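Work through the exercises below with the sequence and the 3D structure open. Each task is followed by a solution in steps.

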Amino acid sequence: MSIELATRLINDLGALLLVTMMLILASGQLFRAIFAVAAQAVFLGIAGVILGIVTGNRDLWIIAGITIVVKAVLLPWLLIRVVKRVQIQREIEPAIPISITLILGAAIVVLAFHLSATLGPVRQAITGNALPVGVALTLLGVLVMASRKKALTQMVGLFASENGIFFTAMAISQGMPFIIEIGVILDVVLGALVMGIMILRVRSDVDTDIADLESLKG
Amino acid sequence: MATSVRASGDGDKLTAHPLVDKGAGPVVRCAVWLGHWLTLAGALAGAAVALRVLGGSAPVHVALPKLFPFAEMSLHVDGLSAFFLLVVCVVAVAASVYGPSYLGAHAKAPLVQTLAFMVFVPCMALVCCAGDALTFLLAWEGMTLASYVLVVSDTADAEKTRAGLLYLIMAHAGTAALLAVFLTLTVHAQAFDFPALRDAAGRLDGSTRTVLFMLALLGFGAKAGVVPLHIWLPAAHPAAPSHVSALMSGAMLKVAIYGIFRFGFALLASTTGPLPPSWGWTVLFLGTVSAVFGVLLALQQHDLKRLLAYHSVENIGIILIGAGLAMLLGGRPGTERLATLALAASLLHTLNHAAFKGLLFLGAGSVVSRTFTRNMEEFGGLARRMPWTAWLFLLGSVAISALPPLNGFVSEWMTFQALVLGGARMGGASGLLAGIAASMLALTGGLAAACFAKAFGVTFLGRPRSAHAEHATESPAPMIAGMLLLAGACVALGLVPGYAMRLLDRPTAEVMGGLSASAVVAARGPLVLSAGGGPAGLEATSISVTLAASVFLLIAVAVWFVRSWPRKAPRRLAPTWTCGMTPTSRFDYTATAFAKPLRLIFAAVYRPHRAIAREPGPSPYVPRRLVYSGEVVDLTETVFYARFKHAVTAVSQAIRARSTGRIHGYIAYVLATLVIVLLLFGKG
Amino acid sequence: MTSTLPWVLPLVPVISGLCMLLFRDRRVLAALDMASSGVILALGLVLAGEVAAAGPISALGAMRADEVTVIFLLLIGFLALAVSICTVGWMRQSLARSEMKADRLHYYYALVQGFIATMLVTVLSDNLGILWIAMEGTTITSAVLVGFQGNKHSLEAAWKYIIVTTIGISFGLFGTVLIYGAAAHAQGGVFAGAMNWSSISAISGKLDPGIVRMGFIFVLVGYGTKAGLAPVHMWLPDAHSQAPTPVSALLSGALIKCALFGIIRFHTIARGACGPEFSGNLLLWFGVISVVVATPFIIVQHDLKRLLGYHSVEHVGIVVLGLGFGGPLGTYGALLHTINHGVTKALAFLIAGDAIHRYDSRDMRVIKGFLGVAPWAGTLLFMGAFSLAGTPPFSIFISELLIVRAGLASSHYWAVGIFLVMVVVIFAGLIHHVGQMVLGIAAEPVSREKESRLGLLGLLLLAAVIVLLGVCMPAGFDRLLVRATEIIHG
Amino acid sequence: MASIEHIGAACAQTGLLVVLGPLVTGFIQKIKARLQCRQGASVWQPYQDLAKLLRKGTVQSDTASPFFQVVPVLVLAATVTAAAMLPVLRSSVGSSALPFGDAILLVALLALARFLLAIGALDAGGAFGGMGASREMTVGLLVEPALMLVVFSVAIVGGTTELGDLATRRHTLAAMAWQAPDLLAFFAMLVLIPAETGRIPVDNPDTHLELTMLHEGMLLEHSGPGLACIALATHTKQIVILSLTVALFCPYGMAQDITPEALGLALAAFVAKLFVFVVFLGVIESSYAKMRFFRVPQFLALGLLCAFLSLALRIL
């Protein structure tokens, strides 16, 4: 497969990731958001495979596999289990109106491209539009977390923004060293577990969503 | 202002502390004595060194071990340092003679206080002797902390805690200013020792030096209790044990003054040409304001030690008047002699104030330790119960009221001469300022006299107005001895000031570049003070306090002889005339009553408010009892500090109340911060 | 030269932590705790010796120990030891007050060991990826510890902590990736030196400034969140106030310093790539903002541990300020301040924990006359407060002095001015609060139980360091700092 | 031997002042009486009072401290010492070796006398003494600065505060010829004299009605010889103030060298000037009423203001 094709494919995947992220931003339903994140992970995996083919780097294959297994299967499954356990109603309660969220999101995307437009030659180091897309994804993920009330949606946002990071990392030639990737993913899983436990704990002890607690201030 | 303060909170709250004795066992007592004796020895040694240097031997220079890689530390005792070292040591000697039996009398934590005392005195000495910025700063802060411990450790009542806090905050603010000045200089000098700093300052331009000087003035002023930075002083000084109050008023404030001298005349002064007039103006103005304001507020105090504390503000003002005048006159052609005169006056007053204010605080302490209160209204009739204290206190009062033939008058006379002659020389605005300062100084003298007529009269004369005063007894010998030392100093400095001038020679010569004090002031023998620098070659005033005193004494003896000539007409005692009623202590004039006319005259400054509660008796015309309570405010405190504090707190409260506790807010903050930083710094 | 120590060191707490899981007895656990901390400190000293002798040491191609590492290493080891000593008494009290459950003690101790292990890895790692992994590891372990007491507040704090810091950390990862990308590009696509800081900083001059700039911003905001820089500090007071006291001490004393370590590493790279101004100014801004933001919350604070938390914000700000002022002086002062603040804050937290147990309240309006209740602790608390407020003869004064001097030397007069004013105001606030607590008369009921010797030993260890560094600067230590400064300046 | 001669002259002048003091009071009383169309007591009355008091015994308050008996002596001594500093017949009082006659010291000695008197008044511990002391000190602290300022405004051109030298420089120095500032200062002095001599409109010397009295209030507990001392001190103080004014503003006719005719002339001149002031005081006393105490400050403030203005004019 030629570099140009790979670059075009990566760009297209980046666009897809952005779209899914927008979906998450706009989605009024928790499950939809979760599935969107899973989809992102799949795209990520595909991107990894493509880069693997292009650069002939075996590690990327494995990483792509792990990514799909963990982020597209394991984490969503975990989230859904938690959702089932806590039996919250499935609608997402936005902290700020979704319309405003979307506007902010658009602004962030513009910012990302604007910023990376100033980066000159180094753009070649990172395949195609991976950099601005990565920035946008990372920030948008955080925007999701900031704009949603429920703890679970915050986890969703977190994973989404991490997808952005992975995307950029892969797009960087050769990807990150294998061991690092593994470690990072491990951390993500651990973190997710701990968060999940906390959510359940609060739900069982004091029957409320952990993200609604706001007694500590000032 | 609390009009009545219990000097000893009943039942000490600190006894749980291991360093606090349980009821002063013999071991503790020995430790206390030992500590004070050690301090005494140290003070004597310091005094010896100071006298040697002042006597004309070469400056002492001691290189300290290099504790920090970035600074050489050293001690350097030149004339100026030596003089202030002497001041510190004189008071320290008296205090450490006086201290043990005082602490034995009614201290709550003798050991802690002894330890702090043993840190406090050396730190003051070190500040005076410091040869580099780091030593100076370390000793400076050590001094502050030790005195803070001494202030708060006496009792555990909330007011003293507050006083200590206020003191500490003001001192720390001052230190911050000093830090800025010192470090700016060290940055330019690439070294910490004073000579290098002076060179660096010389290389700076005038405006920068002025800014630095003003900062230094701020820093030292906060410590010296210059109005309007004085508010901590009347709160903190009374709270400490009395011999420490004596040290704080007599010595610590002088250390701050030393700082002003060191910076104004040496470190920041340009090697060539006169100082910027703005410096002299500021110092002179601040001095005048402090002098008047301090004494005015002192007049209305009924807490004996608080009254003395306010007088410290006044005297610091007088010292600064001299210093400011010296700054204005110095380095200008034709006025060198006057400048030296002014400087000598200010330095001499420093020494004098150390002597009589120390004496007065020790006296107050001896009263307090016998009556367990600081409220003058509860004293009275002590002159017959504790005569030594009484007469020594009277001596101090005469001295501080600048009345001849004691030392207070001498330095104030010199200041007057310098002001008048200098004012004539300078003319114009500066001259007018000098004239105003002179008039204010005159007013200050009158007010001080009134104040101490009240203080001495109400405290020691008349009838006892409380059980404690009724049964008071004379203080133990060591306390008396401590007071006698300072009293001796007062008399000596008053009667033969010419010898004191010898002490001033070296500092004045260093600061003024050549002209020494005794060449100007004691040119005509040690018994004659002469104000050099009369206009147009005319000889200026000369005065001999010695002569005046001896004449006074002669006449007094003669009159006493005539008065007590044996005559047949009898001498008998009778009750005081109170329009035929049997006199009780309620007929005595109280401090409040004594100060009332002035309260009315200067109402604009005092903003007095009074409350009269009357319990109606059987008939509406005959109330069972009337309770009068009045108080005056410290204008700076109410107008400035209170509002400032309130504003800060209010703003903080508002911010705290607004701050979110919701996690979305947190996340939003993170996101916003990142975006903003990216926007601001992200592009090349 | 290479050595085994850099990777052996983190194994110590891991192993002891695993052992702990096997025991239930409080004494054994405490003993293990102290033992491992002691070993860590000892090994740390040995490593310091090796580094001093033979310069930077690397191991496994991903671990590295140079002077900068050693500074943080010793800090962590020392705090671990002191805290583990003080934990004994604290644990007895909180078991007595059933804040901790006896059957879950071993989890607690094991987690603490894990926490320490991750911190050690953080400062020992050469590979920026491992640095990140370890940092996230500290977040996870400490988050569990923060929520360990399992009540509503602690869980809330833990949640805020883990979410906010994880976001920050992920920014950090992104920044790392970008800089790695820049390095890769500078090497013509293929980058040999894995993600090693040593190799990246070696070629930092050739990196593309634009992308490094962007990466550094991400890293600063990310790790800055972890370090508690304002305005991304909000989690800090919550977590520090809700965590079990020994953990608070470690969080404040060691953890945020690890985040600073990360920032310092990237600071070096950024200096090389975009010149000192860019990162310097950025740090300067964050420092000033932190100092200013912390002030009002300190003035009107009633919760003792929150007060200390906000104080950490201020002091991290001061460290960053020192870095921002730049110049050898500023960096030197910043490193010194890192240590001083770590030690002092740990002391303050440990005593605060004791006070809170005695008065059964963390409201400073309730705590009165502490000096009478616990004389030694009271005295030490007073001392710690003065040190925190920056008065001699305590260590923080020296480092602040150096930092201010650096600021004046780099003629950032406005920053110095703001800094000094804020320091005075904060001094007022802090001494006001502490004075209220320490002096005055204790209201009943207060537990006046005698202070345990062991606990005092731990406190005195810390106090000794505070005073020692306040009155002099040991030559070896000075050399260490100087070398570290040179390394940071590349 | 110049200094012997100096000392002799000084003693002579002092003695003169002390001796003349009561006479001045007597004259003032006489003039008052005449203006009030009374016969009035003889001008020698004050001397007779003093003699009687000296003969009498002492009644002392039982609450007073030993200090109480010393007060009158010290007060008198201070006042007389102050008197000794004035140039009366010869302009130069002291010698260059032992200078004597500084105006500031003079004012300070008067202040010392006032201070001691006030303390003595508080000693007996009655309400009258306290009130008297309080009011006296209040008046004093307003008078002293004004007095100082008057001295300064003269001294600032004379370049000295040595009264003798000032007197001579009035003759020699062109700068010290009379000008507007002198007028202002002199007026201020006229305002101060009644206050300092304890006369209407500030104080009322011949009443013991407690509400009106200042100075007398302090004397209430003194008796016999003690009272005599204080009375003499009061007379002396009065003449001191008057001759201070003379020395400052019209030292004309003073003897330059010690010859009988010169001295006689000087004495005549001095007595003449003194008589003018006596008349002035008598007229004021009998043509004004005493002020309310709390209006006194405003009255004195007038003097203070004039004095300051004259000083300012000198400087600018």
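**Exercise 1. Count the helices and strands of chain B, then judge how compact the chain is.**

Step 1. Chain B has 25 helices and seven strands; helices (H or I, at least four residues) and strands (E, at least two) are DSSP runs numbered from the N terminus.

Step 2. The radius of gyration of chain B, taken over C-alpha atoms, is 27 Å, close to the 26 Å from the globule rule for 684 residues, so chain B is as compact as a globular protein of that length. The globule rule is 2.2 Å times the number of residues to the power 0.38.

Step 3. Along the principal axes, the C-alpha atoms of chain B fill a box of roughly 105 × 80 × 55 Å.

Step 4. Of the 684 residues in chain B, 63% are buried. A residue is buried if 20 or more other C-beta atoms lie within 10 Å of its own, exposed if 12 or fewer, and partly exposed in between, with C-beta atoms placed from the backbone.

A note on the source: this is a predicted model, in which local features need pLDDT of at least 70 and side-chain atom pairs count only at pLDDT 80 or more, while totals for chains, interfaces and linings use all residues. Residues are numbered from 1 along each chain as its sequence is written, and chains are lettered from A and ligands numbered from 1 in the order in which they are written.

**Exercise 2. Locate the domains of chain B and state how far apart their C-alpha centres lie.**

Step 1. The assignment gives domain 1 (273–497 + 509–517) and domain 2 (636–681); such bounds come from an automatic or database domain assignment.

Step 2. The C-alpha centres of these two domains of chain B are 47 Å apart.

**Exercise 3. Which residues touch the most other members of the largest nonpolar core?**

Step 1. A nonpolar core is a set of buried Ala, Val, Leu, Ile, Met, Phe, Trp, Tyr and Cys residues joined through C-beta atoms within 7 Å.

Step 2. In the largest core, of 669 residues, they are B:Val88, B:Met124 and B:Ala344. Helix α10 (residues 245–299) of chain C gives the largest share of this core, 30 residues.

Step 3. Beyond its neighbours within four places in sequence, B:Ala344 is in contact with residues including B:Met414, B:Met501 and B:Leu504. Two residues are in contact if their C-beta atoms, placed from the backbone, lie within 7 Å.

**Exercise 4. Describe where chain D meets chain B.**

Step 1. Of the four pairs of chains in contact, B and D share the most contacts: 70 residues of chain D are in contact with 71 of chain B.

Step 2. On the chain D side, α5(D) supplies the largest share, 17 residues.

Step 3. By class, that side has 44 nonpolar, 17 polar and nine charged residues. Ala, Val, Leu, Ile, Met, Phe, Trp, Tyr, Cys and Pro count as nonpolar, Asp, Glu, Lys and Arg as charged, and the others, Gly among them, as polar.

Step 4. Strand β5 (residues 571–574) of chain B pairs with β1(D) in the parallel sense over four bridges; pairing requires at least two DSSP bridges. Here B:Arg572 stands opposite D:Val59.

**Exercise 5. How many residues of chain B touch chain C, and which helix supplies the largest share?**

Step 1. 48 residues of chain B are in contact with 54 residues of chain C.

Step 2. α5(B) supplies the largest share of the chain B side, 15 residues.

Step 3. No contact joins chain C and chain D, and their closest C-alpha atoms lie 40 Å apart.
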